[in-house]
Amino acid sequence: MAFWPSIVVATPAHSGVGATLTYRSELSLAPGGLVRVPLGSREVLGVVWDCPDAPPEGLTEARTKAVAGVLDGLPPLNACWRQLVKFSAQYYQRSLGEVALAALPPQLRELDSTQLARRLKKRAKVGTAGPATPGELNGHDLSDEQAEALQALAAASAPVLLFGATGSGKTEVYLRATQAVLETPVSDGESPTQVLVMVPEINLTPQLEARFRERFEPGFGAGSVVCLHSGMTPAQRLSSWLAAHTGSARIVLGTRMAIFASLPGLRLIVVDEEHDPSYKSQEGARYSARDLAVYRAKVESEALLAASGRSWHTGPHPNPLPEGEGTEAGEGMNAPRCQVLLGSATPSLESWHAADQGRYVRLAMPGRIGGGMLPRLRLVDMNHQPKGAMLAPPLLAAMSERIERGEQCLVLLNRRGYAPVLACHDCGWKSGCPHCSAYRVFHKLDRTLRCHHCGFTERVPRACPDCGNLDIAPVGRGTEQVEEQLASLLADVKRPDGSPARVARMDADSTRLKGSLEVQLAALHSGEVDVLVGTQMIAKGHDFRRITLVAGINADSALFASDYRAPERLFALLMQAAGRAGRDAEQSGASEMWIQTWYPQHPLFATLKKHDYPAFAAEQLSEREQAGMPPYGFQALLRADARTQQAAQAFLNIAAGQAAGLPHRDDITLYPAVPLTIQRVANVERAQMLVETHSRGALQRFLSAWQPVLHGCRSAPEARGLVRWAVDVDPLSI
């Protein structure tokens with residue numbers, strides 16, 4: 001008997017290929033199973049979506065290809081995972097295959113059944129420890145705020161927003177919530193309970209991984225905690241994915257890609273620093289891992305309730321994505337469910353608004369562990385400082401005092417390299433990139449000019465390429481220059497043991513080599529470094545116990561940016577950076593955050609000085625409501641890349657013209673096509689068109705109907721030279 005499985009393969013949204021392809025099989029294949037199938041001249045990995053015993057109408061055996069092989073060593077991807085992928089593809093306007101196959105480890109896509117069997121046999125030889133014994137996992141004593149948060153979390157039936165000050169002990173709450181989930185008994189035949197913990201950036205995983213391993217591996221075994229992020233080798237990613245998929249890994253720590261990990265026993269999703277824009281993908285399927293975490297928890301909870309014979313009560317939907325489709329579990333802590341915990345000291349305005357509306361449960365932990373105080377904010381008016389000073393003299397003196405007492409300082413400058421541009425002041429030449437409409441950054445350590453957009457790199461010229469002037473100079477400051485000048489300014493400052501002060505730098509350049517991040521973090525924790533200079537990667541999530549002074553320089557650039565989200569990002573960055581100071585309760589009273597600014601009277605600094613995020617959020621939400629901006633309005637961007645700017649904008653304008661008559665067109669505002677801020681990258685011109693409406697449902701239905709129109713617009717003569725186009729739903733930058 002023949003079967004006709006519908007199989008999902010990796011095809012981009014603009015390819016025009018259907019969501020699934022029909023193949024022929026002699027065996028009945030389980031939905032979610034992995035297979036190898038022919039696609040053109042290649043053999044690729046596919047996911048079985050359905051397996052009927054009759055072909056689609058009009059399709060004959062002669063017109064179908066047979067499944068080449070079945071990867072039967074793995075259990076199928078479950079229905080919850082497939083629902084997550086299907087929703088992601090629909091909501092973010094991508095093809096089903098593009099999302100599904102991108103969610104699987106790259107190395108898995110290359111393996112046949114024999115190779116996979118060898119990998120699984122190798123894994124089977126690795127033993128795991130038994131269940132933890134009672135009391136074995138107890139950590140530190142909980143504060144009253146932590147205990148209350150855990151109690152409220154256990155009773156909550158909606159997503160939980162943990163609004164905790166920096167240093168309030170949110171990580172311990174994550175650990176205890178994880179412990180409660182892992183100790184939950186399961187019935188025979190059920191998968192062991194699992195927890196997914198997400199962080200916004202790779203550099204935050206080593207510290208968190210160490211704490212989770214220390215807490216849980218003694219009771220659950222050496223393989224119970226695994227990581228998933230793009231910094232791992234393909235073999236490591238495959239190993240972690242297999243451990244999660246088979247249930248041997250009980251805890252998965254990862255960046256945004258981990259939201260698509262196959263976790264059959266998932267009961268808790270933790271999204272740490274949920275406000276961070278890194279959770280929003282900027283390539284491929286432009287998904288928000290934070291929002292998908294909320295949706296995935298809902299899907300998993302529905303499946304658990306259905307399996308237990310219970311149903312969902314009608315009520316407000318806890319998920320911010322689809323409108324008016326869902327329900328909320330109303331059975332509290334007794335209902336089987338998958339909980340989602342969003343944690344941040346500066347929550348995103350979308351999450352804050354959802355909590356205001358009652359769709360999220362907001363839990364507050366305003367106090368620091370041990371009764372410590374939040375750092376005092378000091379504004380340095382640069383209008384009254386020596387002209388051209390990198391650091392104000394009072395700030396430099398304060399740093400010197402800290403070093404002499406054996407304390408550490410952190411200097412935040414969100415710009416890497418030595419200088420943003422190299423320039424000739426005789427003829428006006430600047431170090432522009434020949435392939436991008438951006439400047440190449442001067443990196444002094446290797447004497448290169450490097451484009452941070454396309455990667456084009458050249459040696460620094462001996463003289464101006466245009467006029468031959470030998471006196472070409474850096475303009476502006478980056479972390480390399482600050483590190484160099486600080487080392488010079490602090491050369492005479494001594495540590496308590498009489499040794500000279502040591503300045504170090506941590507950014508994407510200094511941590512590029514494998515293992516370099518861990519080495520630098522260890523040096524800081526051990527006290528070898530007195531002053532750490534870095535970009536935003538040092539400003540969030542780290543637990544630096546000896547830092548008592550944080551300095552923010554060049555913060556003004558975001559105060560008057562055209563992006564309406566810029567104030568939110570700046571407030572979050574500065575407040576998170578301030579939270580690195582005074583984390584040791586004994587030193588918290590003397591901890592300070594210094595900010596150098598030319599605009600000390602700006603309202604943002606007034607709320608920052610009080611560490612008053614609720615007041616800042618209320619002000620920003622009021623402004624956005626008046627302007628109809630998210631979360632009160634809904635947006636998407638249609639982006640086009642082409643060989644010329646004219647072709648890119650022509651494609652967008654044609655698409656706008658042909659949108660007439662589509663569903664909800666009268667509810668949609670299509671703005672004129674404009675170039676991106678950085679118009680050209682790697683010799684590709686870029687343009688975009690903003691789509692805006694008051695209804696998420698209207699936006700989704702319009703975009704779905706617009707997709708075939710966009711496919712047809714590619715062939716327009718005016719759009720000749722179009723390279724690619726993409727829809728970005730809920731964009732974070734416009």
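1. Overall size. The radius of gyration of the protein, taken over C-alpha atoms, is 27 Å. A compact globule of 734 residues would have a value near 27 Å, so the two agree; the globule rule is 2.2 Å times the number of residues to the power 0.38. Along the principal axes, the C-alpha atoms fill a box of roughly 85 × 70 × 55 Å.

2. Basis of the values. This is a predicted model, in which local features need pLDDT of at least 70 and side-chain atom pairs count only at pLDDT 80 or more, while totals for chains, interfaces and linings use all residues. Residues are numbered from 1 along each chain as its sequence is written, and side-chain values use heavy atoms, with hydrogens and water left out.

3. Secondary structure and contacts. The protein has 17 helices and 28 strands, which are DSSP runs numbered from the N terminus (helices: H or I, at least four residues; strands: E, at least two). Of the contacts (heavy atoms within 4.5 Å) with a separation of 6 or more, 76% are made by residues 24 or more positions apart.

4. Surface and burial. The accessible surface comes to about 30,900 Å², and 51% of this belongs to carbon and sulfur atoms; the areas come from the Shrake-Rupley method with a 1.4 Å probe, and for residues only the protein chains shown count as cover. Of the 734 residues, 56% count as buried (buried: under 20% relative accessible area; exposed: over 50%; partly exposed: in between).

5. Helix 8. This helix covers residues 289-307. Its 19 residues should span 27 Å at 1.5 Å a residue, and the end C-alpha atoms are 26 Å apart, which agrees; the expected span is 1.5 Å times one less than the number of residues. Because 15 of the 19 residues are buried, helix 8 is largely enclosed by the rest of the structure. G309 follows helix 8 and has a positive phi, near 85°.

6. L489. This residue lies in helix 11 (residues 479-489) and is partly exposed, with a relative accessible area of 43%. Leaving aside residues up to four places away in sequence, L489 touches M390 and L396.

7. Nonpolar patch. F560, W598 and Y599 form a nonpolar surface patch with about 380 Å² of accessible area together. F560 is found in the loop between strand 22 (547-552) and helix 13 (566-578), and is exposed, with a relative accessible area of 55%. Patch members have over 30% relative accessible area and no salt bridge; like charges are joined within 9 Å, and nonpolar side chains (Val, Leu, Ile, Met, Phe, Trp, Tyr) within 5 Å. A salt bridge is a side-chain nitrogen of Lys or Arg within 4 Å of a carboxyl oxygen of Asp or Glu.

Technical notes:
Buried means under 20% relative accessible area, exposed over 50%, partly exposed in between (1.4 Å probe, protein chains only).
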